[in-house]
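Please open the structure in your viewer in cartoon view and keep the sequence panel beside it. The stops below say what to select and what is found there.

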Amino acid sequence: MARVDVIMPQMGESIAEGTVSRWLKKVGDSVKRDEPIFEISTDKVDAEIPSPSAGVLMEILVGDGLTVAVNTVVARLETDAAAAAAAPTPEPAASPSADASASVSAAVPRAAVVAAVAAAVPATAIPAASPGSLEDRLRSKSSPLVRKIAAEHGVEISALSGSGIAGRVTRKDLEAFLAARPAGGAAASVAGASMYAPAGVEQHGPLPTPWAGDVVEPMNKIRRLTSDHMSLARKVAAHVTTFFEIDLTRVARIRTAMRKDFEAQSGQKLTYLPFILQAVTMQLKRHPVLNAAVAGTDVIYRKQINLGIAVALEPNGLIVPVVKRADELSLTGLTRTVNDLAARARSKKLNPTEVQDATFTITNPGTFGSITGTPIIPVGTTAILCLGAIEKRPKVITGPDGEDTIAIRTCAYFSLSFDHKVVDGADADRFMSDLKKALESMPETGF
């Protein structure tokens with residue numbers, strides 16, 4: 001008879017904590033090795049976590065919605081099923097309530113878990129980032145529970161010194177600050193902060209208040225993370241967007257001609273996207289500033305071309321899996337990789353490394369009918385390409401004899417948002433012009 005600890009995994013180098021979204025098993029359930037037993041949300045990804053061993057789930061120590069540091073024990077398994085069946089069934093963990101002091105579980109007080117986390121993860125495990133740097137701001141995030149308490153008390157978390165991993169502000173830090181500050185608030189407070197405008201979110205002007213009959217719902221985990229990331233992205237990049245109309249008639253003909261054989265041989269549905277990805281990777285090699293990152297006053301020109309592909313999740317939310325070394329993949333390889341990543345993104349089966357290290361991003365709102373858009377540049381990159389709806393349009397075409405005629409062409413609007421701190425308008429327009437030429441004169445090639 002042996003017990004096995006289930007821990008909050010380290011989902012990427014920069015991840016310091018994770019939130020238990022929900023338990024897929026309940027106390028007393030038998031589980032197989034590698035069978036998913038709970039879901040987590042982090043700053044990078046939502047994922048299902050497999051069981052480290054076969055056995056019976058005997059204890060749940062961290063309930064749904066609670067956030068803990070990595071390597072925290074969140075549950076325990078009994079590997080001897082017969083012995084486990086005879087053991088008394090402990091109370092399941094309590095889900096978080098509106099009361100900030102809700103216990104982690106009926107069997108394990110929150111104080112015990114906090115003490116265990118403090119012992120397991122020393123505050124000095126990761127060196128602090130340089131003051132005011134992007135890394136410092138990224139690491140200053142706190143758990144949803146800490147942000148909720150801070151918002152209720154009008155406290156700006158970024159103004160506090162954190163004792164947690166990577167300098168993050170913990171609940172203990174926040175409670176110590178609240179106990180020490182004078183009545184009426186302190187410099188770290190935010191005027192007018194409330195549950196409708198968390199302290200970590202900038203909002204100018206008077207805050208809206210609900211009217212009679214309105215429904216007020218807190219943001220879910222992925223929406224809060226998206227909100228944080230988009231707000232930061234708008235701050236760190238000087239956004240400019242350029243628009244091009246691209247004639248995809250030739251791509252459409254090539255796709256139609258090869259579609260039947262391609263799908264029969266590869267078993268994959270052939271869309272326009274792999275053709276566009278091939279053309280994009282070719283142009284990123286010619287225009288490296290679009291495949292770069294800004295580090296203070298330095299520009300890092302990436303040698304790898306890793307394409308982030310935005311995937312919409314149901315019922316809402318967004319995630320960006322990354323096609324690594326996209327320039328080394330054939331049309332079949334790109335198709336298979338994109339389809340696989342998108343399917344696993346929607347079923348929460350992505351690995352944390354599969355949503356990291358994008359050097360350039362592509363978003364495709366055209367699948368929903370959008371003509372074009374002005375997307376926000378992801379942090380750590382210099383550009384993002386937006387693909388509008390592909391549709392047939394009447395166009396003026398000049399024939400070999402010099403005469404103009406009206407023809408039906410398959411077209412789409414492409415837009416490129418770029419960081420004007422390092423990418424000049426001419427650089428962005430040359431990239432788009434070359435991409436347009438590549439797609440409009442694409443040669444017929446193999447798979």
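In which order do the strands of the open sheet of four strands that contains β5 and β4 lie? Select them and read across: the order is β5-β4-β2-β7, and the pairing is antiparallel. Strands, like helices, are DSSP runs numbered from the N terminus (H or I over at least four residues for helices, E over at least two for strands), and two strands pair if DSSP finds at least two bridges between them. The edges of this sheet are β5 (46-50) and β7 (67-69), each of which has a single partner strand, so one side of each is left without a neighbour in the sheet. From one strand to the next the twist averages 40 degrees.

Before going on, note that this is a predicted model, in which local features need pLDDT of at least 70 and side-chain atom pairs count only at pLDDT 80 or more, whereas totals for chains, interfaces and linings use all residues. Residues are numbered from 1 along each chain as its sequence is written, and side-chain values use heavy atoms, with hydrogens and water left out.

Staying in this sheet, select strand β4 (residues 36-41) together with β5, which pair in the antiparallel sense over five bridges. Within that pair, Ile-40 stands opposite Ala-47 in β5.

Next, select the open sheet of four strands with the order β1-β8-β6-β3, where the pairing is again antiparallel. Its edge strands, β1 (3-7) and β3 (30-31), each pair on one side only. Zoom in on β3 and strand β6 (residues 55-60), which are joined in the antiparallel sense over two bridges, with Val-31 opposite Gly-55 in β6.

Is Asn-71 buried, partly exposed or exposed? Its relative accessibility is 42%, so Asn-71 counts as partly exposed, given that buried means under 20% relative accessible area, exposed over 50% and partly exposed in between (1.4 Å probe, protein chains only).

Asp-357, in the loop between α9 and β16 (360-363), also has a positive phi without being glycine, here near 70 degrees. With a relative accessible area of 54%, Asp-357 is exposed.

Now select helix α7 (residues 249-266) and helix α9 (residues 331-346), which pack at an angle of about 65 degrees with their axes 12 Å apart; axes are lines fitted to C-alpha atoms, for helices over the stretch in contact, and angles run from 0 to 180 degrees between N-to-C directions. Show the side chains of Met-258, Phe-262 and Ser-266 of α7 and of Leu-331, Thr-332, Thr-335 and Arg-336 of α9, which make the contact, meaning heavy atoms within 4.5 Å.

For the cysteines, select Cys-386, which is buried at 2% relative accessibility, and then Cys-411, which is likewise buried at 2%. How many disulfides does a search of the whole structure find? The search finds zero, a disulfide being a pair of cysteine sulfur atoms within 2.5 Å.

Finally, zoom out to the whole chain, which has 10 helices and 19 strands. Buried residues make up 44% of its 447 residues, and among contacts between residues at least 6 apart in sequence, 64% join residues at least 24 apart.
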